[in-house]
Amino acid sequence: MIRPRGISTHSIIMKRIFIVANWKSHKNKQEATDWLKTFLDFKKSEDKEVIVCPSFTILPYLQQWIGSHRLPLSVGAQDVSPFAEGAFTGEVNARQVKEFADYVIIGHSERRTYFSETDEMVTKKVEMARQANLTPIFCVQGGQTPVPPGVEMVAYEPVSAIGTGNPDSPENAEGVIRAIKEKTGASYVLYGGSVTPENINSFTSLPSIDGVLVGGGSLDPKTFAGIIENA
Ligand code: PGA
């Protein structure tokens, strides 16, 4: 869960950086295990929170593996039902997700594009997540995307930057993110879109950017470890 920003031993206010792996529709159990094994020596850092978001099918497995090996990783889901429990074939509701995860990505542009998710639907998902005590990582495609009330964590992901190798400029992302914070009151706003070990620091070193949402760069564990290290 979200914790307040810490204070370092040097009494400098440290920015807490969130690094979220969005595996999208990738990885089965074996592939996830191979990835996790790379992080067995990963040391907990007070100023970086790493959240891994796998498919629903391996959510319980990931939570269990991370717990039994005491890895300093949090778990998130990639989606949640806009409905409570009931006769909704194929849906996974927030109470079910909360058994295995603390976070949930809501409103990703791929869901809006390929699964026709509307602003109304993603608002219901946020309500369901919050009732179940899941922290939404609410995706916006720009400063104009409506953000439902009470959302604490937003991810700014311009569609042109997703999976293209063509990230937003850090200066533009900083400006959009500052404006999102002023408009919505969100405590944490992340940047997402073609983040790599080479470019991460140009984003996370800026004052308003609280972390990153990483798709392609999270699939290979060594690349993702480089992203964490350079953040
Ligand atoms: P990308 O995806 O890192 O592959 O650009 C980011 C995302 O869609 O969350």
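The model is predicted: local features need pLDDT of at least 70, side-chain atom pairs count only at pLDDT 80 or more, and totals for chains, interfaces and linings use all residues. Residues are numbered from 1 along each chain as its sequence is written, and side-chain values use heavy atoms, without hydrogens and water.

Next, colour this shell by residue type.

Now display the polar contacts, which are pairs of N or O atoms within 3.5 Å. Select lysine 24: an N or O atom of its side chain is 2.7 Å from an oxygen atom of the ligand. At histidine 108, a polar side-chain atom lies 2.7 Å from a ligand oxygen. At serine 194, a polar backbone atom is 2.8 Å from an oxygen atom of the ligand. The protein covers 95% of the 280 Å² of accessible area that the ligand has on its own, by the Shrake-Rupley method with a 1.4 Å probe.

Finally, select tryptophan 35 and phenylalanine 224. Their rings form a tilted aromatic pair, 5.7 Å centre to centre with 35 degrees between the planes; rings pair if their centres lie within 6.5 Å, and planes under 30 degrees apart count as stacked, over 60 as edge-to-face and the rest as tilted. The structure holds nine aromatic pairs.

Terms used:
A polar contact is a pair of N or O atoms within 3.5 Å; within protein, one must be able to donate a hydrogen and the other to accept it, and residues adjacent in sequence count only if both atoms are side-chain atoms. Rings of Phe, Tyr and Trp (its six-membered ring) pair if their centres lie within 6.5 Å; planes under 30 degrees apart count as stacked, over 60 as edge-to-face and the rest as tilted.
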